[in-house]
Every structure is written in C-alpha cells, then in structure tokens.
Amino acid sequence: MTVESSAARGTRRGGTETGGDAGRTARAAESPKPAKRATAKAPAKTAAKAPARKAPAKRTPAKATKATKAAKQSGPAEPQLVQLLTPEGKRVADAEYDPYVADITPEELRGLYRDMVLTRRFDAEATSLQRQGELGLWASLLGQEAAQIGSGRATRGDDWVFPTYREHGVAWCRGVDPVNLLGMFRGVNHGGWDPNSNNFQLYTIVIGSQTLHATGYAMGITKDGADSAVIAYFGDGASSQGDVNEAFTFSAVYNAPVVFFCQNNQWAISEPTEKQTRVPLYQRASGFGFPGVRVDGNDVLACLAVTKAALARARRGEGPTLVEAFTYRMGAHTTSDDPTRYRSDDERESWEARDPIQRLRAHLEAEGHADEAFFAELEEESEALGRRVREAVRAMPDPDPMAMFEHTYADGHALVDEERAEFAAYQASFEDADVTGKAN
C-alpha cells in the first residue's frame with residue numbers, strides 16, 4: 001500500500017459529500033427540537049365563576065406564497081460548503097472561488113499532491129518514533145493534510161503564521177525543516193527554529209492564545225502601513241476559549257488584517273463539535289462583525305482558493321475573516337489518547353472515503369496530469385524523508401541542563417538567577433558522590 005493511500009480503504013463507504021450546484025452545499029445535522037413543556041390541567045370547578053369572555057373573531061390566514069411554503073418545507077438553511085473537488089476527484093465549478101485557482105498548472109497540482117504525501121509520511125514517522133520511545137508526545141495531522149497544505153500554499157513570503165501544535169503541513173509550506181519540529185517533542189529544545197526566518201511562529205501549546213498574538217501582530221502591520229497579512233490556526237475546541245473570542249472582538253474593532261483558520265476536525269479530544277456549539281462555527285463570525293466561510297477541509301484546491309480570497313481581503317484593508325475547514329482527525333488527538341473509547345469505527349470509515357490525498361490523486365489521474373512514474377518516484381522520496389527524519393531524531397544531542405534558564409526572559413531576572421544557582425548546586429552534588437552514594 002502506498003503512503004498516499006494509507007488512510008483510505010479502497011472502496012468508498014457512506015458519508016460522502018456531494019458537489020451539488022456549484023459544489024457548495026453540505027448536510028447539516030439538525031438540532032433536536034425542544035420537548036413541549038407539560039401544562040397543568042385547569043380544575044373542573046372554580047370557587048367563583050369568572051365572567052364569560054367574548055371569543056375572538058377568527059382570522060383568515062393570508063394566502064401563503066410559493067416561496068413561504070417552500071421555506072417551511074425545506075426547514076432551516078443548510079450550512080454552505082465551498083468545494084471544488086468532490087471526494088471522487090471530480091472538478092466542480094464555483095463562481096466566487098474559481099478565479100483564485102483558475103491559473104493553477106498541472107505542475108502546481110502535482111506539487112500540492114507531493115506536499116500532502118510527504119507531510120503524511122513525516123507525520124507517520126513521528127508517530128512511530130513516539131511509540132518507540134524517541135519522542136515524549138506527538139500530535140498527528142492524519143486526515144488534515146488538505147486543510148494545511150491548501151491554506152499554507154495560499155500565504156505569501158511576507159505573511160505571518162501563528163500555529164498551534166499540529167500545523168506540520170503549514171510548517172512544511174513555510175520551509176521549516178521537519179526535523180526542527182521534533183526537537184521540542186523530544187525535549188531537547190524550546191522550539192527548534194527561528195520564527196523570523198520563515199515568518200512562522202513557534203508551536204503554541206496553550207489552547208487558543210496564539211489567536212490574540214496574531215491579532216496584535218496584525219494590528220501592528222496596519223500601523224506599519226504594510227500590505228502583508230496574518231493567519232492564525234486553531235481547532236474547533238479552541239473556538240470555545242475566551243482568548244479566541246477576544247481575538248475576534250479586537251480584530252473586528254481594529255479591522256486587523258488577520259485570517260482565523262479553524263480546522264474543525266469534529267473532536268476536541270473526546271468532546272464532539274455538537275456539544276460545543278449550537279451553530280456551525282463559521283457563522284460565529286457574523287456576531288463579531290466580519291465574514292465567515294466553511295470550506296471542505298479535505299479538498300486542497302478549495303482550501304487554497306478560500307484562503308487566498310481571505311488573505312487578499314485582509315491585504316485590501318477589509319479586516320478579518322473566519323475560515324472553518326470542515327475536516328476530520330483520523331488519528332488520535334495525541335499519542336496519549338485512545339479515540340476508540342469515544343468514537344465509532346463507522347464514523348472514521350465514512351471519513352476515510354473522503355481522504356484528501358486519494359481525492360487529488362483521482363483528479364490527477366482522470367485529467368492525465370500524473371503518471372505511474374510520478375507516483376513511484378514520490379514513493380521513493382517519501383521513504384527517504386522518513387529515513388532522514390528517523391536518523392536525525394536519534395542523533396539529536398542531549399541539551400545542557402543549564403540551558404533551560406537561558407531564554408526564560410529577554411533580560412536578567414533575580415528569581416531565575418536564584419533558581420539557576422540552586423539547580424547548579426544540585427547538579428554539582430552528584431559529582432561529589434561516588435557510585436555507592438557516599439560522599440568523597
């Protein structure tokens with residue numbers, strides 16, 4: 001089985017999206033109707049007979065129009081889903097977003113495919129390294145490659161990216177060496193790369209705080225008069241955090257050039273999305289005064305187009321946009337999690353039928369944009385990447401224990417100095433003892 005098809009199981013089973021007219025509608029689960037409240041029955045007799053009231057005249061209802069009848073029959077409007085490639089790899093039209101990918105070449109499509117395959121291979125190797133005890137923890141992106149590669153390739157070199165801890169595909173697009181992502185998870189450094197080299201901030205473990213950092217940076221860009229933009233990544237679970245909502249408020253009020261890219265992978269660890277919100281996440285943006293859009297997060301072409309549009313809007317000075325990439329985390333939340341305890345195999349299998357890599361491969365093959373030689377060569381490249389990552393991680397030197405105090409504050413701090421001295425004395429105590437534990 002090739003790397004790019006490792007998450008799919010050949011035949012496509014239920015749960016497939018439909019392109020529809022212009023490929024933009026998706027099913028939305030209806031909210032349960034509230035139960036009718038029980039009312040107490042009126043007593044048969046009353047102490048004093050109330051005066052009779054004249055029955056109101058019956059009103060003749062106005063004749064319902066066809067539009068009204070249709071609205072009643074159809075129920076609440078379904079969330080709009082931007083989709084340019086169906087799960088079968090068929091290209092569908094979208095008048096609003098087609099212009100953003102109208103000039104994409106077969107070579108660029110193959111590039112997007114290569115990005116997703118290599119990102120998935122790197123992710124699989126990192127997961128294996130954690131299972132072998134080489135990493136302390138790992139957060140897999142399995143299933144979210146299209147959302148990350150599509151949005152990552154939409155950014156310009158002068159844009160700034162504020163990630164969480166799962167944006168390995170975005171880091172790849174920004175030119176961060178995959179090996180550098182693993183230093184923190186191995187515990188040998190505090191991040192592993194210089195954010196200023198790639199305009200890609202360090203991974204953020206505190207849920208949602210990076211959205212405020214991104215908003216503040218975007219406000220600074222406006223004051224500098226630059227035409228670059230900022231994109232902040234977070235998950236559906238983080239959207240429930242106060243930091244994210246505060247970032248929405250500030251960005252809207254100050255018209256900050258920031259794109260909030262929410263990867264809705266359906267689960268905040270073990271909490272499903274329907275237990276976090278009563279409305280689709282992208283609709284929250286309207287309450288803060290800026291637009292929101294839901295995109296098929298397993299469609300790399302749609303993610304590319306929607307993010308390009310949102311970033312262009314930000315650069316024009318039109319303020320923030322919320323993009324909800326509707327996707328699925330096919331693996332565990334992290335390697336410390338067991339998703340079989342809270343979700344079914346049927347659910348995962350239905351999403352495997354929408355695998356983002358298989359989707360683009362089907363399109364490339366149908367359009368004659370890639371042959372078997374291309375896929376075979378990419379398979380070899382992905383295996384070489386896996387070997388390089390494995391060897392590099394195992395060769396990482398242990399850090400100097402005193403290094404943990406070096407970058408806590410930009411300037412000196414009395415408390416840190418005190419802790420450094422105490423820790424140095426503690427370390428020195430081992431040097432003064434022999435192997436029996438007795439002092440020399």
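## A buried spot in a helix

T211 sits in helix α7, residues 209-224. Helices here are DSSP runs of H or I with at least four residues, strands are E runs of at least two, and both are numbered from the N terminus. Leaving out residues up to four places away in sequence, T211 touches A232, F234, D243, V244, A247 and F260, where contact means heavy atoms within 4.5 Å.

## What you're looking at

This is a predicted model, in which local features need pLDDT of at least 70 and side-chain atom pairs count only at pLDDT 80 or more, while totals for chains, interfaces and linings use all residues. Residues are numbered from 1 along each chain as its sequence is written, and side-chain values use heavy atoms, with hydrogens and water left out.

The protein chain has 14 helices and seven strands. It runs to 440 residues, and 45% of them count as buried. Take the contacts between residues at least 6 apart in sequence: 76% of these join residues at least 24 apart.

## Strands and their neighbours

Strand β6 covers residues 292-296, and four of its five residues are buried. β6 pairs with strand β7, residues 321-326, in the parallel sense over five bridges; strands pair if DSSP finds at least two bridges between them. One of the residues involved is V295, whose bridge partner in β7 is A325.

A325 also turns up among the residues that N264 touches, along with D236, T273, L281, E324, F326, T327 and Y328, again not counting residues up to four places away in sequence. N264 itself belongs to strand β3, residues 258-264, and counts as buried because its relative accessibility is 1%. N264 and G235 are 29 residues apart in sequence, yet their C-alpha atoms are 5.7 Å apart in space.

## A hole inside

Searching the whole structure turns up one cavity of 30 Å³ or more. A cavity is a set of points, on a 1 Å grid over the protein atoms alone, where a 1.4 Å probe fits but cannot get out. The largest cavity has a volume of about 40 Å³, counted as the space filled by probe spheres set on the points, with grid points joined across faces, edges and corners.

Its lining is made up of F234, S239, F248, C262, L281, R284 and L322, and lining residues have an atom within 4 Å of a point.

Definitions and conventions. Buried < 20%, exposed > 50% of the residue type's maximum accessible area, 1.4 Å probe, protein only. 1 Å grid on protein atoms, 1.4 Å probe; cavity = no way out; pocket = protein on both sides within 12 Å on 5 of 7 lines; lining within 4 Å.
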